[in-house]
2 protein chains.
Amino acid sequence: MAKIGIKQVAALSGVSIATVSRTLRNPEIVSEKTRQKVNDAVKKAGYKPNKMGSSLRTQESGNIVVIIPDVTDPFNSGIICSIEREAQKMGYSVLLGDTQNDPKRAEQYAEMVEYGQADGILLFSYNLPLEVVPDEKGNVNLPPIVNVCESTAYDGIHKVMVDDEEGARKATQHLIDLGHKRIAVITGNENTTTNANRLAGYRKALRTSGIQIDDKLVMQGNYQIDSGVEQTKKLLLFKDRPTAIFCFCDLMAMGAIKVLHDHGYSVPRDMSVIGFDDIKFAEYTYPAISTIRQPVDEIGKTCMHQLYQLLKGKPAEKYIELKTELIVRDSTGPAPRK
Amino acid sequence: MAKIGIKQVAALSGVSIATVSRTLRNPEIVSEKTRQKVNDAVKKAGYKPNKMGSSLRTQESGNIVVIIPDVTDPFNSGIICSIEREAQKMGYSVLLGDTQNDPKRAEQYAEMVEYGQADGILLFSYNLPLEVVPDEKGNVNLPPIVNVCESTAYDGIHKVMVDDEEGARKATQHLIDLGHKRIAVITGNENTTTNANRLAGYRKALRTSGIQIDDKLVMQGNYQIDSGVEQTKKLLLFKDRPTAIFCFCDLMAMGAIKVLHDHGYSVPRDMSVIGFDDIKFAEYTYPAISTIRQPVDEIGKTCMHQLYQLLKGKPAEKYIELKTELIVRDSTGPAPRK
DNA sequence: CAGTATCATGTAAACGTTTTATGTAAAAAT
DNA sequence: ATTTTTACATAAAACGTTTACATGATACTG
């Protein structure tokens, strides 16, 4: 069985290959009857237009690459999932760019667009894997790229962010409202913007309520589950223990709760724990985790939409901030009376 | 800044484009000194060979597509992660094919190879998204594809599987060894092979130990967390309750434990729970989940290796089965004395 | 009816590579 | 000195599309 390309279809339907191509891309500019003929031939021959051929000609790969630190993280996989769904609707395929937290790999993935393997980038990272080289007129020449959730230092890039500061403020305020005064925090990766913003929100809430900020209560985590475990263990050794822990992601909250249980503490009776993200499992742990919900679907939809604008050379907003929501479940409760 | 292609590099280094190409693909067949010249020019010009051009010519996209039901499932995301790592080493990029459990989408992704967008398929599904059309000589013409973890009905396809039956047997035996006699099971999706095999293993263990098989104790789940919740609730209403639950995945085990806690049962004192998969979080829940570990990294590595063989037209084993391992943690314990 | 606008199609030139067949100069063999 | 071999390098032909331009037919205008 010889390979069937556009030529074969053209021959079969008795028109030129140009007409075949037009029938498939711009059906409206070809007459009703030839359109019929061609479509029949396409169906009959089972013609599948070769993507590489068309990509080469159009200079569009039809791919986007999403650069993300770790697909294994439930928050990330949620995002990826919603992006993929959205991308498919728009006719794009997604190349997976799991960096495993290695900046070099991020760079490699970013290069995909220079190699013409991808048309655009969705970047979940705080460091830009691209050189920003201003031309003679001083304006830079970035590929279509949108920075999502984590903000890079570079301002020129389009961003879709979440109101991390406000989210963290709400979480902290929730604990304060429950009567907690000594509220520990387990942070995310040190140099991430999400982390900085959440920390700011935490401090703001304390300040507003006139609670003394104690830097000993901010424990350095890294968004991974074991850092939640580790830091909580440390907290338990404090002489004046906190009565609540605000973890900067649900995963660390899971770790924290685990440790508390293991040490015989009841959550939330002895200690409240609140997370961030609202990953799928947050409501299925015991106790169900109170958290700050990030609008995962909306994030995926929005960043993909923004990227689409960029890809098509249409105007796109430079900065979009999405809202979080406080979800109260069972891991937070009134502060224990001393 | 004009776009720099192979032509520009050729001009810059004073050789033909053919020589440039050879220098990059087959350095060994070009003389030392021209190789130098060319490499210098490549570096100086910052030349990035266009993937579409080369793909079109070589008829290889350099992509593989992994078709998987739901990236959001921690077991799946673990697999994807290990595949991606392996693929990258081999010079392949991975296209994400999250089907969201929709067979139509699976088909679309599978078609990527017919469109020349991908060279091969890693298929995590029990239904083959491809027509198997035997030619005149009776042999079928499948694209490079390997079926992973879930087995399709079609035998002709290369498979990398896990010893689900033996795994389930071990899990059940573990419970039996702890003195449990009434052991419930929460299954996965009805028509999956994993499910059938695990069920077989469960039954085998009971039979071997001379325990009466009670089909009322096999509850239909679907590998998703809420089915663990739902079915456990049902189990609690039984007059002669089981003393242990074997969930066919850790997610459902999480759900089960959650329900048990909510209803005031202590795990494992009142009821033992064992899962399957050993997802990353299994050891961080409270109590930590006893489970059957699937060798995620090995699965990714193996199936990618098999696919590679197929892609390169080298021989590949038709069937590989990987071993599971019983991991005893805290969610299983001695059967309560009545 | 000449002239012009409109429309449907065909022709051929790209797109950026790789690679086969061909050529050429230098090295080796006679 | 002449031929044969070797080692490179080149020119040109693919790969499978899309699309600018050309062409011819048809319809419309004054």
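A residue is called buried when its relative accessible area is under 20%, exposed when it is over 50%, and partly exposed in between, using a 1.4 Å probe and the protein chains only. By that definition B:Arg22 is partly exposed, because its relative accessible area is 37%. The model is a predicted one, in which local features need pLDDT of at least 70 and side-chain atom pairs count only at pLDDT 80 or more, while totals for chains, interfaces and linings use all residues. Residues are numbered from 1 along each chain as its sequence is written, chains are lettered from A and ligands numbered from 1 in the order in which they are written, and side-chain values use heavy atoms, with hydrogens and water left out.

B:Arg22 lies in helix H2 of chain B, where helices (H or I, at least four residues) and strands (E, at least two) are DSSP runs numbered from the N terminus. Leaving aside residues up to four places away in sequence, B:Arg22 touches B:Pro27 and B:Ile29, contact being heavy atoms within 4.5 Å. B:Arg35 is 13 residues from B:Arg22 in sequence, and their C-alpha atoms are 9.1 Å apart in space.

An N or O atom in the side chain of B:Thr19 is 3.1 Å from a phosphate oxygen of DNA strand D, and for the side chain of B:Gln59 the corresponding distance to a phosphate oxygen of DNA strand D is 3.3 Å. Around DNA strand D there are 27 residues, of which A:Ser21, A:Arg25, A:Arg57, B:Arg22 and B:Thr34 come nearest, a residue being near when one of its heavy atoms lies within 4 Å. Of the atoms of DNA strand D that come within 4 Å of the protein, 62% belong to sugar and phosphate. Helices H2 (17–25) and H4 (51–58) of chain A and helices H2 (17–25) and H4 (51–58) of chain B each supply at least two residues of this surface, and the largest share, five residues, comes from H2(A). By class, the surface near DNA strand D has nine nonpolar, 11 polar and seven charged residues, where Ala, Val, Leu, Ile, Met, Phe, Trp, Tyr, Cys and Pro count as nonpolar, Asp, Glu, Lys and Arg as charged, and the others, Gly among them, as polar.

DNA strand C is surrounded by 28 residues, and the closest are A:Thr19, A:Thr34, B:Ser21, B:Arg25 and B:Arg57. Sugar and phosphate again make up 62% of the atoms of DNA strand C that come within 4 Å of the protein.

What does the contact between the two protein chains consist of? It takes 55 residues from chain A and 55 residues from chain B, and the chains bury about 5,000 Å² between them, 58% of it on carbon and sulfur atoms; buried area is the accessible area (1.4 Å probe) that two parts lose on being put together, summed over both. A:Lys48, A:Met52 and A:Tyr284 supply 15% of the area that chain A buries against chain B, more than any other three residues. Eight salt bridges are found across this interface, a salt bridge being a side-chain nitrogen of Lys or Arg within 4 Å of a carboxyl oxygen of Asp or Glu, and one of them joins the side chains of B:Glu111 and A:Lys48 at 3.4 Å, N to O.

Definitions and conventions: Polar contact = N/O pair within 3.5 Å; in protein donor to acceptor, adjacent residues only side chain to side chain.
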